[in-house]
Amino acid sequence: MTDGNDPAATPLLTLRGATKRFGDRVLWQDVDLDVRRGEVIAVLGANGSGKSTLLRAILGLEPLSAGSIRLLGRGVGRGSRRIGLVPQQRLADDGLPLRGRDLVRLGLDGDRWGLPLPRRAARERVDELLAAVGASRYADAPVSRLSGGEQQRLRIAQALAADPDLLLCDEPLLSLDLPHQRMVARLVDDARTRLDLGVLFVTHDVNPILDIVDRVLYIAGSRFRIGTPDEVLRSDVLSDLYGVQVDVLRLHGRVLVAGVPDHQHHDDDAVLAPRAADDHAQTGGAR
Amino acid sequence: MSDQLSQVLSEVVDFSDYTELLPLLRNTIIACVALGVVGGLIGVFVMMRDMAFAVHGISELSFAGASVGLLLGAGVVPGSLIGSMLAALVIGVLGSRARDRNSATAVLMPFGLGLGILSLSLYSGRASNKFGLLTGQIVAIDNPQITSLLVICALVAAGLLVIWRPLLFASTDPVTAQARGVPTRALSVVFMVLLGAAVAVSVQIVGALLVLSLLVTPAAAAMRLSASPVRVTLLSVAFALAASVGGVLLAAGSSVPISPFITTISFVIYGVCRLVSGARGRV
């Protein structure tokens, strides 16, 4: 605001004509999308519609078939400090020598070379991050002993540790009960307002985050639709996307979608975990 | 009966000339300190990356390399290095996932052992040398050998210290590490090279069959006691040093190779750690 420009007007992330194909199969085509600071966009669609592949493309881990993705005006490399990721995958390996605070510390400077020397500034920052997500109580417990909800709090603290501009959430609500789903939504909302982040939130169920969503990117059958929840989550819009009759019901503030064809696609990108051909399922092939 | 027992015991442990023996063991003790440090450090990552079985496979191939080196007159050290490097890289490339890695290891291992046995049976030199590659040295390490061993250990330790943080990130949380720009693929290749080198030097002291006692057991024991990466690393190094140096000091008073002492100390430490962690439900 100080320089007279409205910073919200300059998009954080810009997709132009972004297209992803695997062989003959088109996941999504010609996606134009601007993500602004302080904005939460829900990425919805059936399993296998390419939601997580989109996140991998934004991270620069999956090349586009056509089009471009720019973050803060620059192309994306292989991974970025400017992007925080909240993955779905649990770190459940028993005996993994990692405590809550270590997980958050990795988010702070785990990508730097050398030894993780104990620095006072780093410790204070980690404590602050843990407090912000309400995880101070179990900061010293082994991560593998924590529940899904507790791990997800730590994941959010870890994703925010390097002070990112963009937050990507890849199905972080899976296998959480409703109160914990609401808790994750609240923490993401809090981070968005506090840090002025842009957020892309991949989920199969929009309801737990409906209150915090500004816009929806709905992907189905190689096509997509972008707009506010009220513009996109409608029977006519989704019926058009899927090419069959789909009914969207609004019931007590919840959105219920009925008639989405099952197993329309291969279920190959339900989570952001590396593909089988990739090289780091080192933690015991955790899928 | 009791005569026989005491005779066996005196062969295993006899400290009568202990003070005269110690200076002769200087090299071996230095080697075991270096091995203890390297084994303790790299073991932590071996455990995190679930590669204990791969370590065993690499050591069998290292044995094969050493035997071929002995047969061809190229020397045990370069042979074991080449063997374990090749094995480490093959396992690293073929086995990115734990399941693939286990089968790749299981396929390579008997091949390596067979090749080693073939080379040894064709070799006409001293017999104690042959046996030592599988089950460990009797005692002395000569000067050229200690130099190469120390240089390799120093390189492995230095390499680990440089890549420590990103390797920890990539080993415990690969998806997030990759998203943050950690070069996980390159790191895993570098790690396999360092692991290959560490195995090759360990084979020369404890023998191919017993490498796990230095490269895996101490870290596994440490993980029973703590979940802090720093504390686990320090404990792992301490345990590995206790086993390797303790092993030499005990073996000095006997005609038995060092390795049974090392493996026994290592095993006892692990057993105690398990009991302790069981008693307090691991904090």
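Okay, housekeeping before anything else. Since the model is predicted, local features need pLDDT of at least 70 and side-chain atom pairs count only at pLDDT 80 or more, while totals for chains, interfaces and linings use all residues. Residues are numbered from 1 along each chain as its sequence is written, chains are lettered from A and ligands numbered from 1 in the order in which they are written, and side-chain values use heavy atoms, with hydrogens and water left out.

The size of an interface is often given as the accessible area lost when the parts come together. Here chain A and chain B bury about 3,900 Å² between them, and 56% of that is on carbon and sulfur atoms. Buried area, by the way, is the accessible area (1.4 Å probe) that two parts lose on being put together, summed over both. In residue terms, 48 residues of chain A are in contact with 39 residues of chain B, contact being heavy atoms within 4.5 Å.

What about the polar side of it? Between chain A and chain B there are eleven residue pairs in polar contact, both partners at pLDDT 80 or more. A polar contact is a pair of N or O atoms within 3.5 Å; within protein, one must be able to donate a hydrogen and the other to accept it, and residues adjacent in sequence count only if both atoms are side-chain atoms. The rule also finds three salt bridges across this interface, where a salt bridge is a side-chain nitrogen of Lys or Arg within 4 Å of a carboxyl oxygen of Asp or Glu. Asp109(A) makes a salt bridge to Arg165(B), with the closest N and O atoms 3.1 Å apart.

Which elements of chain A supply the side that touches chain B? β6 (83-86), α2 (100-109) and α4 (148-160) each give at least two residues, and α2(A) has the largest share, with seven. Those helices (H or I, at least four residues) and strands (E, at least two) are DSSP runs, numbered from the N terminus.

Now zoom in on Thr176(B), in helix α9 (residues 174-179) of chain B. Is Thr176(B) buried or exposed? Thr176(B) counts as buried because its relative accessible area is 4%; the cut-offs are under 20% for buried, over 50% for exposed, and partly exposed in between (1.4 Å probe, protein chains only). Leaving aside neighbours within four places in sequence, Thr176(B) is in contact with Leu85(A), Pro87(A), Arg155(A), Gln158(A) and Phe169(B).

Arg99(A) is another one to click on, in the loop between β6 and α2 of chain A. Arg99(A) is buried, at 14% relative accessible area. With neighbours within four places set aside, its contacts include Asp140(A) and Pro142(A), plus Ala227(B), Ser228(B), Pro229(B) and Arg231(B).

Take Glu39(A) and Arg215(A), whose side chains meet at 2.7 Å, N to O. That pair links distant parts of the chain, 176 residues apart: Glu39(A) is in the loop between β2 (25-35) and β3 (40-45), and Arg215(A) is in strand β9 (residues 215-220). Glu39(A) is buried at 9%, and Arg215(A) is buried at 19%.

Then there's Asp140(A) with Arg101(A), closest N and O atoms 2.8 Å apart. They sit 39 residues apart, Asp140(A) in the loop between α3 (120-132) and α4, Arg101(A) in helix α2. Asp140(A) is partly exposed at 47%, whereas Arg101(A) is buried at 11%.

For a local one, Glu128(A) pairs with Arg125(A) at 3.2 Å. These two are separated by about one helical turn, because they are three residues apart in helix α3 of chain A. And salt bridges that share partners join Arg99(A), Arg101(A), Asp102(A), Asp127(A) and Asp140(A) into one network.

Last stop, chain B's surface. Leu71(B), Leu72(B), Phe111(B), Leu115(B), Leu118(B) and Leu122(B) make a nonpolar patch of about 590 Å². Patches are made of residues with over 30% relative accessible area and no salt bridge: like charges are joined within 9 Å, nonpolar side chains (Val, Leu, Ile, Met, Phe, Trp, Tyr) within 5 Å. Accessible areas come from the Shrake-Rupley method with a 1.4 Å probe; for residues, only the protein chains shown count as cover. α4 (52-72) and α6 (98-122) of chain B each supply at least two of the patch residues, and α6(B) has the largest share, four. Phe111(B) lies in that helix α6 and counts as exposed, at 53% relative accessibility.
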